[in-house]
Amino acid sequence: GDYVISYANHLACHKPWHCFFNPLWSAAMEASCLHLNSAWFKFRQHFEEENWSKTALVNRAENSYHNNHFFGYCKGDNEYQSGVLQTHAPTPSPTPEISECQVRINHHRLKYGIDLITEKKEFHSCNNRQSQFDKLQGAHRSYKRCGSIGSQGQGGGSTCSSVIDAFFNERWVCFTNATLYGTPIASSIESNYGRCRQACMDDLSCLSFSHDAGADLCEFYGEEGHTIVSSGFIGDLDKTSTAPPKVDGWVDFSVIDLTETNKVPSDGTINEFTWYGSNPSPVRFFYYRHVSDNTYEVVGTARASQTTVGVQNTLTVSPPINVQAGDVMGFTWEGAAAFGLTDGKAGSVRYSNENSGGPTSVGDQFTIPNGKLARVYHVAAAFVPASPLQTTSSVKYCPAAHCDGHW
């Protein structure tokens, strides 16, 4: 029980098995408690189904009390349903040994609602040989020799947890002098950035954080995207005045930017697009609303008939595009790529196949098949909120730039 219980507890939320829901919670507090409660009950379900022998598991379909929080394990306030223990199990189910590595990996996966893993101990010997080989020959030289797919992480540390955290720490992308919207879910006094980052990683509800070294102030946020790096613009405005290190070689394809920090922060309008010209091509800009899976609906579009190479280009959108919180930007090249990109660990985009074009009109639904890739395109959109945003300044703000395959 301690292993499961230790994952989530918060004074305002109460312990998950208390089935506590307060209708007077603020939106931020409800979101925080939702994250904690759902993570705990998801872990409870996994643990029960894998390890417990019972004559009657909980019939979760019968319980509808705030199911998004409690996964059908609560009939009402303080009415936790645990199931009936089997008192005469003919063959007791063995309790599996759970390693420190598995605990830490699942801790990080719980944060983002990703399925928990079980450890494949049959690969331990091969993985140990992989590590020894890479220590002598160089990082990733043994990649896939043990049947691994997706990604291979390596890092140093005195414990397995510290190695896992070192791999995770490569995925933070930090901004200086950022303007943040929204309210922190928690704060603490931390003497340096590293301590603040570790405190955020250890807290299931913290998905991004800011640190002010002058005040030793560490603040947690319960969402991954809170920042407008350049006031009034979505995207990195600074990059629209500098030449990119890379330009796509494909032609006539579409891109959708799913970077958390580039999602529309609140209802409002888009009235301008700005980009650095890399080819003299037309480009069609879009704002999309998520429908399901990898399908998005066009809520607004604007077309630039040409691009001037080597300078910052601007397209005024008239009438402006009405957007809602969570909408995302996209673009379709007409011919060669009108602007370029910076490759790396930041950004998250999906893309269509070469010569596949893209949608053209408001209301079109578009399924984009490929990605995600870690890219930052040299484009930004001018955003005007419908209501003034609550903003604060942060000396250093860091959301996690995780991408497919890195969990």
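Colleague: How many bridges join E9 to E14, and what makes these two strands a pair?

Modeller: This is a predicted model, in which local features need pLDDT of at least 70, side-chain atom pairs count only at pLDDT 80 or more, and totals for chains, interfaces and linings use all residues. Residues are numbered from 1 along each chain as its sequence is written, and side-chain values use heavy atoms, with hydrogens and water left out. A strand here is a DSSP run of E with at least two residues, a helix is a run of H or I with at least four, and both are numbered from the N terminus. Strands pair if DSSP finds at least two bridges between them, and E9 and E14 are joined by 3 bridges and run antiparallel, so they meet the definition of a pair.

Colleague: Which residues stand opposite Val255?

Modeller: In E14, Val255 stands opposite Phe331, and in E16 its bridge partner is Tyr351. E9 and E16 (residues 349-351) also run antiparallel, joined by 3 bridges.

Colleague: Which way do the residues of E9 point, and are they buried or exposed?

Modeller: Ser254 and Ile256 point one way from E9 (residues 254-257), Val255 and Asp257 point the other way, and all are buried, where buried means under 20% relative accessible area, exposed means over 50%, and partly exposed lies in between, with a 1.4 Å probe and protein chains only.

Colleague: Which residues touch the most other members of the largest nonpolar core?

Modeller: A nonpolar core is a set of buried Ala, Val, Leu, Ile, Met, Phe, Trp, Tyr and Cys residues joined through side-chain atoms within 4.5 Å. The largest has 29 residues, and Phe273, Trp275, Tyr287 and Phe339 touch the most other members. Strand E13 (312-323) is one of the elements that give two or more residues to this core, and E13 gives the most, with 4 residues.

Colleague: How do you know that H4 and H6 meet?

Modeller: Contact means heavy atoms within 4.5 Å, and Glu100, Cys101, Arg104, Ile105 and His108 in H4 meet Cys160, Ser161, Ile164, Asp165 and Phe168 in H6.
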